[in-house]
Protein chains: 2
Amino acid sequence: MNLRKTRTASAAHGTTGTTGPTTHPPTEPAAPPPGGTTDGDRAARSGVSRRRLLGTAGAAGAAGLAVGAGGGLLAGTGDRTASGNPDVPGGTAPLSSVGATRLDFHGPHQPGILGPARAHGELLALDLLPGTGRGGAAALLRRWSRAAEAMMAGEAPDADNGVAGGTGPSGLAITFGFGHDFFDAVGLVDARPRALDPLPEFSADALDPERSGGHLWIQVEADDPTVVFHAVRTLQRAAADTARVRHRTAGFNRAPGAASGESGPRNLMGQIDGTNNLRPEQEDFADRVFVPADGDPAWMAGGSYVVVRRIRMLLDPWEEQPLETQERILGRRRADGAPLTGGGETTPVDLAAVDERGRPVIPADAHVRVSAPESNGGAAMLRRSYSYHDGFTGDGSPDAGLLFVCWQADPMLAFVPVQRKLDRGDALSAFIRHEASGLFAVPGGAEPGGYVGQRLLEG
Amino acid sequence: MNLRKTRTASAAHGTTGTTGPTTHPPTEPAAPPPGGTTDGDRAARSGVSRRRLLGTAGAAGAAGLAVGAGGGLLAGTGDRTASGNPDVPGGTAPLSSVGATRLDFHGPHQPGILGPARAHGELLALDLLPGTGRGGAAALLRRWSRAAEAMMAGEAPDADNGVAGGTGPSGLAITFGFGHDFFDAVGLVDARPRALDPLPEFSADALDPERSGGHLWIQVEADDPTVVFHAVRTLQRAAADTARVRHRTAGFNRAPGAASGESGPRNLMGQIDGTNNLRPEQEDFADRVFVPADGDPAWMAGGSYVVVRRIRMLLDPWEEQPLETQERILGRRRADGAPLTGGGETTPVDLAAVDERGRPVIPADAHVRVSAPESNGGAAMLRRSYSYHDGFTGDGSPDAGLLFVCWQADPMLAFVPVQRKLDRGDALSAFIRHEASGLFAVPGGAEPGGYVGQRLLEG
């Protein structure tokens, strides 16, 4: 049982209320804000900058908390800071370890919403086998929760296949959701949230039903690909007589330590992605992302709705565009992500700026303008995406793009209005294609001893 | 041009002769031996253990060499040591960085043979478009070599798409090979090595011709998945009018820093893999892996032959076996990789040992016995594999297994006899299936200013 370790940190889990933006994981000290969370490094970078301003060395802080958690290196000092480079000298304290980063499965929210996206993320949708019913679904979620808790803690799950032996949890985060048709399948139609009503059709959609929807959804993330495989396979085996994988996509982000400068992570079009995202320090962050404690339905308190879109990037025509054209389509400079109205990556976009001939500097159809909260009555969501590359299609072009993942308290107030606007007037639309779609209700985190969805399935 | 950096280290490239086992990369200090190279961490682990015995701290050694190479952190201090954890305290010296690890494209051998396999590896086979001819192929290899040299140095290739901006080279290694049919396509049949004669058929093969063969082969490896995507896409674009991707598989190994103990990396059956591999310190290592300076054909001097097998693991029946059965099939303990005859992972297997009833402790059909050099007239090859997971098949089982990659001076003296023996009597055969196969001639490294295959294409 190489994999088994003592799990000591959960007692240190500090929560700030059911709907507040808590810090996941507790063993990842000064958990970075999820701003810019198409890549974890990005969020971590913001985090360390703040700590530097406060005169607190990231590594020393990490060591202090690790000691406090009682586990030394094993307790998880995975402080991915300083532009994604975990190896910035930090004095004599033990520095970070990719493998030792450990998140708590329990908490007011499930673990894969706040905190950074990891280097690897897999999204699976499963359908219940006929006749499973509510009891079978509850037993499945109980098995899944138990396995997720163990693996996230670096412990071996039941009937372990040994694949992750010797490897730390590596920031493993496992998150479960329920799709629209789940409630029909288990006879709980009355408990289905209205927020799960099917998304409207968008004119540019080219959705593959085989890769869309699903009764159940799992997001598995970690900084190590073998840890991700181990978790996916373990969860699939635990579902064997109950549910079957409907579709699965593997995604990636920049690896911890791969960046050597301060620039943010990029998507497969070469753009710095995740700028101007929701940030936990924003006053309305929790209201926008999480269903409140007195929300409807009650079983979704502390939960969130996730919209997943497989967005194919048409890289052949995109890469034929001159850089200047690409930048006008986006409204940002490719090199540093700064808006065309000047400044740096995090400088606010000046949508009102005009050039010497009175034309808007940010074109009317620029992606950054059309998607901005200011253009959408304030609508905003927490983006936390992965890139994917599934080989090459028959015409020789890459089957690659963005696994767009966004979180919100209500899709009708976030994803839907923004996507409607993009669908009508985004210059980027000519270079992307939405090929699959999913919408899932992700309940709050499980209580210790409980399981995800317990309030629904035993309600 | 965030990506552009000064490249300072190539002058420090030390070679030990055309056919000797040189250390790739020169900027990765005390390059670890490729023993156990189904995962780079493994090799690095052995490396640091030796250095520890010598009383030399890995991190201090790294810092010293990095300074010698003149580039500080940018020169690459990616010393993946101490059980794959790059963050072991090493005094006040700058520690390692995943992104900064930089390999030299030039050298007597191509870069993806010696040194560790990385966290990510993609294998591509391409076919030349009709009418390309020798001149077109030479121009392609020249473009590819130029792009590979730039990207491996952390510089932007021509017409860069910007995807790797801000990210260090992350140990990027790009390696090119020629398949049997390449020589027909370009009218160089007389230059085709006899070693490229098609492999014999094995009884357990279930080869998919669409995923086998190919005129040209590329192995792209790095510790960052966006760096791999960037390189693959760049090389594909550079081939656009000349060659087309025939098949591509993405593989993975354990990420740097993911291991928290001393145990080696594991394959998707849960086994520690890569034990008892060829090691550069073995006297006959170079003879076994590389074509000698006076070898035949002359253009392959310093080159090697790679056999690639997509080996599907039948994980459903495998995981149904009790642990004891799995261990008898392999001849090793799953927990620590030690042979059933005792000791630790690196303890030699005692094939002669018998139990109290006189039966062999290592069963006659155990994988470790059947594949051992002692069972194959000394035949051995350098294994350097990746795991893969391409989703789930129609029956719900994982489409996953091993991208077996092995290197040798002559396949008829290495892969072929060993695989013949395995094909007849390996207990593991019931749980695996060879689904694709490739054999490629990988010439020696390019000279500075030259390109891979130049001696063939201009010979």
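Analyst: Gladly, and please keep in mind that this is a predicted model. The largest cavity has a volume of about 820 Å³, and 42 residues line this cavity.

User: Which residues lie nearest its centre, for that largest cavity?

Analyst: Nearest the centre of the largest cavity are B:Asp273, B:His367, B:Ser371, B:Arg383 and B:Phe404. The elements that give two or more residues to its lining are, in chain B, strand S5 (304–313), helix H9 (367–370), strand S8 (398–408), helix H10 (415–425) and S9.

User: Which element gives the most to that lining?

Analyst: That is H10(B), which contributes five residues to the lining of the largest cavity. Sorted by class, this lining has 20 nonpolar, 14 polar and eight charged residues.

User: And how many cavities of 30 Å³ or more are there?

Analyst: The count comes to 16 cavities of 30 Å³ or more.

User: OK, now pockets. What volume does the second largest pocket have?

Analyst: The second largest pocket has a volume of about 1,100 Å³, and its lining is made up of 46 residues, with A:His389, A:Asp390, B:Arg248, B:His389 and B:Asp390 nearest the centre. Two or more lining residues come from each of strand S1 (120–128), helix H5 (225–238), strand S4 (243–252) and strand S7 (386–392) in chain A, and from the elements S1, H5, S4 and S7 of chain B.

User: Let's switch to strand S2 of chain B. Is this strand mostly covered or uncovered?

Analyst: Strand S2 of chain B, residues 173–179, is mostly covered, as seven of its seven residues are buried.

User: Which residues point which way?

Analyst: B:Ala173, B:Thr175, B:Gly177 and B:Gly179 point one way from S2(B), whereas B:Ile174, B:Phe176 and B:Phe178 point the other way, and all are buried. As a general rule, side chains in a regular strand alternate between the two faces of the sheet.

User: What does S2(B) pair with?

Analyst: S2(B) is joined by six bridges to strand S3 of chain B, residues 216–222, and the two run antiparallel; in this pairing B:Ala173 has B:Glu221 as its bridge partner. S2(B) also pairs in the antiparallel sense with strand S9 of chain B, residues 432–442, over two bridges, and there B:Gly179 is partnered by B:Phe440.

Conventions: Residues numbered from 1 in each chain as written. Chains lettered and ligands numbered in written order. Predicted model: local features only at pLDDT ≥ 70, side-chain atom pairs only at ≥ 80, totals over all residues. Heavy atoms only, no water. 1 Å grid on protein atoms, 1.4 Å probe; cavity = no way out; pocket = protein on both sides within 12 Å on 5 of 7 lines; lining within 4 Å. Points joined across faces, edges and corners; volume = space filled by probe spheres on them. Helix = DSSP H or I, 4+ residues; strand = E, 2+ residues; numbered from the N terminus. Buried < 20%, exposed > 50% of the residue type's maximum accessible area, 1.4 Å probe, protein only. Pairing = 2+ DSSP bridges. Nonpolar A, V, L, I, M, F, W, Y, C, P; charged D, E, K, R; others polar.
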